[in-house]
Amino acid sequence: MADNTPSLQDARLTLEDRVATLTLDRDDLRNALTGTALIDDIVDTIQWANQSANVSVLIITGSGRAFCAGGNIKEMQYREGDHRNGPFGGSALELERKYREGIQRIPISIHKAEIPIIAAVNGPAIGAGCDLACMCDIRIGSEKATFGETFVNLGIIPGDGGAWFLQRLIGYQRAAEMTLTGRLVHAEEAVQLGLMMEQVPAEQLMSRVMTLAQQMAAKPPHALRMSKRLMKQAQRHELPDFLELCAAWQGMLHNTDDHVEAVNAFVEKREGVYRGK
């Protein structure tokens with residue numbers, strides 16, 4: 001791939017027909033976010049996608065057995081006489097800094113993502129891995145998908161912002177039950193709760209997600225990105241202010257070549273050809 005594609009260490013990145021696929025590729029650690037370079041890989045990929053005119057949609061999935069196991073629990077283990085270091089060692093102030101400069105870069109980056117992000121949940125999404133899936137716009141998983149907001153089981157909280165994302169996704173009461181029990185939610189229940197939009201057979205997962213991604217990527221690029229941004233803005237604006245924003249952005253889009261092409265294609269009953277202008 002061209003277009004200043006980031007150099008990734010523990011993930012693979014492909015681009016086809018304006019759809020980028022980021023595959024977390026540390027099956028040896030069940031794609032854990034700590035003890036790997038996956039935090040940097042995710043953040044760098046989203047920054048690249050935001051800046052690339054050739055990307056309209058990003059898919060995030062995992063290789064091997066898991067979608068993402070979250071934090072590497074072995075790195076948290078402490079025995080008497082040990083010197084605690086690594087990502088979970090240090091004073092309270094040092095750990096606060098490590099969280100801000102480490103895993104919290106993921107929710108900030110995804111929050112700023114201009115392109116739609118689809119999680120293809122191929123297996124367990126546990127702890128910060130569950131939260132990573134919840135940060136995406138849409139989640140589709142296989143029958144092997146499992147979600148767990150399991151931090152309380154380890155005597156900690158969702159330090160990556162999971163308590164913010166989960167309750168907005170499935171409501172406070174259900175999010176509280178998941179968070180305060182630390183239980184696992186399997187694929188069928190995940191669909192019922194709204195954690196996943198769909199469950200599909202494992203062998204069909206990527207083809208189903210790619211079909212959805214391509215439906216989005218076929219739309220006028222500016223309108224697609226601005227629609228995603230508009231939905232995010234709607235979460236934090238009062239209606240009068242939001243409508244002002246809608247009017248301003250709509251004025252921009254009415255003056256794009258892609259809008260003209262979209263209208264002509266609709267009237268002429270053909271597929272539009274868009275240039276991002």
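Me: What share of the 277 residues in the chain is buried?

Reply: Buried residues make up 46% of the 277 residues. This is a predicted model, and every value below is computed from it. The secondary structure comes to 11 helices and nine strands.

Me: Which residues have the most contacts inside the largest nonpolar core?

Reply: The general idea is that, in soluble globular proteins, nonpolar side chains tend to be buried together. Here the largest nonpolar core has 49 residues, and L22, L33, F67, I106, I117, F147 and L195 have the most contacts inside it. Helix α1 (residues 38-51) gives the most to this core, with seven residues. Apart from it lies another core, of 16 residues, including A120, V200, V209 and L212.

Me: What is L195 in contact with, leaving aside its neighbours within four places in sequence?

Reply: L195 is in contact with C134, R139, F147, L166, L169, I170, M178, V185 and A190. Of the residues in that list, L166 and I170 are also among the buried residues of helix α5.

Me: Which residues have a positive phi although they are not glycine?

Reply: Most residues other than glycine have a negative phi, and most peptide bonds are trans. R30 has a positive phi of about 55°, and K269 also has a positive phi of about 55°. R30 is placed in the loop between β2 (19-24) and α1, and is partly exposed, with a relative accessible area of 30%. K269 is in the segment after α11 (257-267) and is exposed, at 76%.

Me: How many disulfides are there?

Reply: A disulfide is a covalent bond between the sulfur atoms of two cysteines. The count here comes to zero. The cysteine sulfur closest to that of C130 is in C134, 4.3 Å away, which is too far for a bond. The cut-off is 2.5 Å between the sulfur atoms. C130 counts as buried, at 0% relative accessibility, and C134 counts as buried too, at 6%.

Me: Is N72, a loop residue, buried or exposed?

Reply: N72 is buried, since its relative accessible area is 14% and the cut-off is under 20%. The loop runs between β3 (57-62) and α2 (92-101). A polar atom of the N72 side chain lies 3.2 Å from the backbone nitrogen of K74. Not counting residues up to four places away in sequence, N72 touches L29, A32, T34 and F88.

Notes: Residues numbered from 1 in each chain as written. Predicted model: local features only at pLDDT ≥ 70, side-chain atom pairs only at ≥ 80, totals over all residues. Heavy atoms only, no water. Helix = DSSP H or I, 4+ residues; strand = E, 2+ residues; numbered from the N terminus. Buried < 20%, exposed > 50% of the residue type's maximum accessible area, 1.4 Å probe, protein only. Polar contact = N/O pair within 3.5 Å; in protein donor to acceptor, adjacent residues only side chain to side chain. Contact = heavy atoms within 4.5 Å. Core = buried A, V, L, I, M, F, W, Y, C linked by side-chain atoms within 4.5 Å.
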